Amino acid sequence: MAEPRETSFPSLFERSRAGRRAARPPRHDGPDLGGLLGEEQLRDAPPRLPEVSELDLVRHFTQLAHRQFSIDGNVYPLGSCTMKYNPKVHEEAARLFQDLHPYQAPETAQGTLQLLFELQRDLAALTGMEAVSLQPAAGAHGELTGILMIRAYHQARGEGAQRRVVIVPDGAHGTNPATASMAGYRVVEVRSDARGEVDLEAFRQALGPEVAAVMLTNPNTVGVFETHILEIARLAHEAGAQLYYDGANLNAIVGRVRPGDMGFDVVHLNLHKTFTTPHGGGGPGTGPIGVKAHLADFLPVPLVVREDDGYALSEDVPRSIGRIRSFYGNVGNLVRAYAYIRSLGLDGLRRVSGHAVLNANYLRVKMQEAGFTVPVERLNMHEFVAQPPDGVHTLDVAKALLDYGMHPMTVYFPLIVKEAMMVEPTETESLETLDAYAAALGEILARAAADPGYLEGAPYATPVRRLDEVTAARQPVLRYAFDDA
Amino acid sequence: MDIPDNLRYATSHEWATEPEDGVVTIGISDYAQDQLGDVVYVELPEVGRDVRAGDAVAVVESVKTASDIYAPVNGSVEAVNEALVDAPERINESPYGEGWLFRLRVRDPNELGELLDAAAYRQAATEEA
Amino acid sequence: MPYLPHSADDVRRALETIGVDSIDALFDELPSTLRNPDIDLPPAMDETTLMGHLRALAAKDVTAGPNFLGGGMRRHFIPAVTPALALQSEFVTAYTPYQPEVAQGVLQATFEFQTMMSELTGLDVANASMYDGATAVAEAALLAVRQTRRETVLVSRGVHPETRDVLATYLEALEIAVHTVDLEAGRTPPPGAVEDAACVIAQQPNHLGLLEDMGGLAEAAHAAGALFVAAVDPLSLAVLKPPGVYGADVAVGDGQVLGNPMAFGGPSFGFMVVRTALLRQLPGRLVGQTTDVDGKRAFVLTLQAREQHIRRSKAKSNICSNHQLTALMATVNMAALGPEGLREMAVGSVRQAHRLLERLRAAGAKPAVDAPFFNEFPLATRRPGGEVRSALAARGVQAGVPLGAEYGLGNAVLLCATELVTDRDIETLIDALRGSAELDGVAAHHG
C-alpha cells in the first residue's frame, strides 16, 4: 500500500503523549491485586490506549465531527433509510430514563415499564397486530426473531421438516435472504413485473408445501405499493406459508394502512427510520416486532405486562423461541419513539406519511425535469428509483453531489435496476431544499455533458477524495500500527 | 473480449482446459474478470474435496460484489492457486494464465464436451453484455 | 404539526407540480378496503405536555441511593466530557458511512475504536461493534462452527444465563447442539467431550464474579481442535490478562461498562475481536485504512463482501447495523480516562468489592462460594434473591441480583461494587441487610 503522503488529520494515537490524561475517576488505593486475584491473572503491560489531555481530546472529536455529514447539517435523501429530522426534545426525554439498572427490583422501575407497555400497545395499534415485542436491537434482528417464530410455529404444527424455503422478491434488501439463511432456510427469489411489483404468476408458481414464509416490504424497494397484496396474502396462506412484513418502508403508509390488515402475520418496524430514533452513524437501531394472535405464544421473552399491582417483565410465554438478546431492548431508543408517537398522535402520523409521499413525488418530477429517467412509470410512494442519462454513471453523480454539500441518494440498490439511484427525501424537508437538490443534479448533468472528465474526478471540495477501496480490501489495515510511528 | 480457442467454457463464465493426465485447470474468462472489476480476494476450495458439476466451489470478491464460481464438471479438487491469496489481481491481469483458480481431477473427460466452445461462448457473452 | 415544514401553500404547489388534486389522491392505487382504518392512539401532546408526562413517568422510577447491582451492567464513572463529545449532533444524526469522503468523522472514530478493543483484548482484529454481549457470543459460536465445520458448542455455566439462552436460540435454528459445562466450586473444570466441539466458551470474570483459569480452558479447547471463545468484561482487562495472551481465538463481550449509561438494559454494544486467521469469518462492519487519490490517509468500510448487502443468503451474518453511537461513547470514554484512568476504575472496583466482603464477614456473613473474585461475588441469603432485593430497595439501597437455582447455591444474590461505591455506601448496605434480617448478630461498625 502506498505510504500516505500527507497524514494531515492526526489519529488519536498520534496525539497521545506518555503521562497525559484527561478525566479522573474516584480513587480507592491500595489493594494488592496480585494477592487478591492471583498474580497469574494480571496483565504484564497496560493496553496502549491514548494518553491525551482533555483539551486535546475535545479538539480531536470536535474536529472529527466537522468531518462528518449529518441530517442536522444538510439533506440526506437515502432511499429506504428514512433520514428524517431527529427531534432534540427526544434527547431530553431519553435522559430522564437513562440511569436505571436492568436488574432493579421491578417496583422501582414502574415508570419505565409503563412507558414500554404503552409503546407495545401503540405499535400494535399502528400495525394492526395483536402482540408486540420491543426486544430486537435492529431491523435485521427483528427479521431473525420473526422468522425464528415462524419456524417454531411450523414445527409446532408438525410441518417444520417439510417447510424449508423462504420466498423473497428479487428486489429484496440483503438482510432478508441473509436472515432466512441464519434461520436454516433456503431462499427462493421471485421476479418483479413491468410495474415494479411482485410478478403474481411467478409468485403463484413458487408457492408450494415446502414454503415456510414469504418476506415482503410494502411499499417495496422500488417505492411502489404492492397493489396485489391481498391476493398475495391469500395465496400464501392457502399454501400454508406465513407472511412476513419488512417494515423498512413504513414511512409511506404509517397511520393510513396497517400491515395486519394487508394479511401479514409478523411485522418488524425500524424505529430508527419511521419513528426517528437517531441513526448514530450506523446504529444502534431498534426493530420491534408485532404478531397476530396465532404467533403470540412464540414471542421472545421477556414481555412487558400489566398486572393488578403494576407493570412487570414476564417470562410466561408458553412456547417462546427464547431470548434473542440480553435484557429487554434498546430502551433508550424506545423512549424516543414513544415521545415521537405522543408528539404526533394519529393525525400527525397520517400527515407524516402523506407529506413523505408528497415530497417524494415532487422530487421525482423535479429530477425528471432535470434529465433523470424513472424506469417505473407511475406515482411512487415515499421513495422512487431513478437513473442518470446514458453514459453517465450513478457513482460519479453521487460523488459530484458531495461538492454541493448535499448527500447522495442510495446508489446501486435495488440490484434489479441498472445504475439505480434510490431517493427518499422524507416529510421533514422543505420544497426549497428539494428544489435545490434537483437544481444541483441538473447542474451536474450539464457539466457532465460539457466536460465528461469533471464528473469522474469528483468530489473536489471534501476533506478526502476518491478512496482506494481496492487496496483497502486487498491489504486490510484494520487497526493503528504503533510500530510504524 | 479475449476468448482463447483451446479452452471450453460454461455459461457462468468459467473456462476449463483439456484434461492432462486426467486433470483440468479452471479459471474465469476475461469477460468475467472485466465485469467483476478489481479482484480483492478469492476463497478457494479445499484440496481433496469432491465436487459435482454446478456446485459453487469458490468465491471471487471485488470491492462491491462476491461471485460464486461453479465447478463445470464432476471431479475432485487436485490443487488450488495459492498465489492468489497474496496476489488476487492476477485474475484481472492474466485470467487464462497466472490467474487460474483450481485444478480438478475429472472422472469422465467426456463431460467437457458438454461445455461451450470458444465461438459459442463468445456469442453467449456478447448477448449478455 | 411538529417537524412537518409545509404550509397550505407549499402543499398546493407540490400537488400542482405532481399533477394530483390532493394528498389522499396519492394513495388512490391502494386497495380502498385498506385505507385509513380507525387507529386508537392517545391524542398528540405539545412539547410542554410531553415533557410533563414523561417526567411524571420518570418520577415512578427510583435511581437514587447506593447501587451494588451487577450481573452484566454497572454504574461507573462517566466524565461529562464523554457525552459532550460523543453526542455531538454530527455523530448522532449521521447515517452509516457509505460515502467515505463525507464520513471521515465516523470512520476514523470507528478505526480508533477497533484499535482500542484490539489493545484491550490482545487480539488482532475487532469489528465495528454488534448489538450486545449476548448476541456477540452467539455470533462467535456461529463463526467457530463455520470455521471448524463441527456441529457442537460447549459453553460453561459460568457464562451469563441470558447469554446462554441467546446462544441456544441462535444455534437451535441451525441444529447445532449446545452442551453446558457445569461449574465445580464456582469455576469451570477442564471440559470433557471436546472432540466434536467447534468451540469452548467461558466468561471472565464468570457470572458469579469469580476468576477462571482461562489459559487452562484454552489449552483444553485447542488440544481437541476447537476454538476458544472468551466472553470478557472489557473494563477488567485494564488489569487482567488479556484473552490474546492466554490463547483465546475470539474475545467477545458487552461494552456498557466502558462508558454508556445503563438505560434499563440498552442500547449498549457488543464487541468481537479475533485472530487474523479468522478475519474473513468475522461478521459485522469493518473499517480499514487506505489512501485517497491525493495520497491522504483516509478510512473506509472494507471487506464488505462478507456482509448481507453483498453476500445476501451467504453472508457471515444477517447483521446490517452496528451499535456505532454507543461504541463511540466507549471510544471517547476510553480516551478520556486513558489507560491510567481505566486502571484506577478497575482497581477501585476490586477494592470496594473486597472491602464490602470484609465488612460482610465482620458482620457474620460469608460468600456463597469462597474463591478469588474481581468486583462481584455471590452472597447466600435467607430468603429468595428477589425478595431480598425488594427489601433492600425499600430501604433505599439497590442491591442483590438474584442468582438462579441452576447454580445449586440455594437462595443467593450477586453483590457488586464499582469505584463509585463509597465506604459509607457499604455501611448503608450492611445496615440494610441487617434491617432485612439477612445478617446474624450486630457486628460493631469499625469506622
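Reader: How much accessible surface does chain C have, and what share of it belongs to carbon and sulfur atoms?
Author: Happy to start there, with the reminder that this is a predicted model. The accessible surface of chain C comes to about 13800 Å². The part of it that belongs to carbon and sulfur atoms is 50%.

Reader: What fraction of chain C counts as buried?
Author: Chain C holds 13 helices and twelve strands, and its C-alpha trace spans about 85 × 55 × 50 Å along the principal axes. A residue counts as buried when its relative accessible area is under 20%. Among the 447 residues of chain C, that share is 68%.

Reader: Where do the positive and negative charges of chain C lie on average, and how far apart are their mean positions?
Author: Chain C carries 36 positive and 51 negative charges.

Reader: Is Val273(C) buried or exposed?
Author: Val273(C) sits in strand β7, residues 270-274 of chain C. Beyond its neighbours within four places in sequence, Val273(C) is in contact with residues including Met117(C), Leu123(C), Val125(C) and Val250(C). Because its relative accessible area is 0% and the cut-off is under 20%, Val273(C) is buried.

Reader: What distance separates the C-alpha atoms of Val273(C) and Glu29(C)?
Author: Along the chain, these two residues are 244 residues apart.

Reader: Is Ala185(C) buried or exposed?
Author: Ala185(C) is found in the loop between β3 (177-181) and β4 of chain C. Its phi is near 55°, a positive value in a residue other than glycine. With 66% relative accessibility against a cut-off of over 50%, Ala185(C) counts as exposed.

Reader: What is the relative accessible area of Ala437(C)?
Author: Ala437(C) belongs to the segment after α13 (423-435) of chain C, and its phi, near 60°, is positive too. Ala437(C) is classed as partly exposed, with a value of 47%.

Reader: How large is the area buried between chain C and chain A?
Author: The contact takes 186 residues from chain C and 204 residues from chain A. In chain C, Tyr3(C), Phe264(C) and Arg312(C) lose the most area to chain A, yet together they give 6% of what that side buries. Carbon and sulfur atoms give 63% of the buried area, which is about 16900 Å².

Reader: Which three residues of chain A supply 85% of the area that it buries against chain B?
Author: This contact takes four residues from chain A and eight residues from chain B. The area buried between the two chains is about 490 Å². The three residues that supply more than any other three on the chain A side are Glu469(A), Val470(A) and Arg474(A).

Reader: What is the radius of gyration of chain A, and why does it agree with a compact globule?
Author: Chain A has 15 helices and twelve strands, and its C-alpha trace spans about 70 × 70 × 45 Å. With 485 residues, a compact globule would be near 23 Å, so the value for chain A agrees: 25 Å.

Note on methods. Residues are numbered from 1 along each chain as its sequence is written. Chains are lettered from A and ligands numbered from 1 in the order in which they are written. This is a predicted model: local features need pLDDT of at least 70, side-chain atom pairs count only at pLDDT 80 or more; totals for chains, interfaces and linings use all residues. Side-chain values use heavy atoms; hydrogens and water are left out. Helices (H or I, at least four residues) and strands (E, at least two) are DSSP runs, numbered from the N terminus. The radius of gyration is taken over C-alpha atoms; the globule rule is 2.2 Å times the number of residues to the power 0.38. Contact means heavy atoms within 4.5 Å. Buried area is the accessible area (1.4 Å probe) that two parts lose on being put together, summed over both. Buried means under 20% relative accessible area, exposed over 50%, partly exposed in between (1.4 Å probe, protein chains only). Accessible areas come from the Shrake-Rupley method with a 1.4 Å probe; for residues, only the protein chains shown count as cover. Lys and Arg count as positive and Asp and Glu as negative; His and the chain ends are not counted. The place of a charge is taken as NZ of Lys, CZ of Arg, CG of Asp or CD of Glu.
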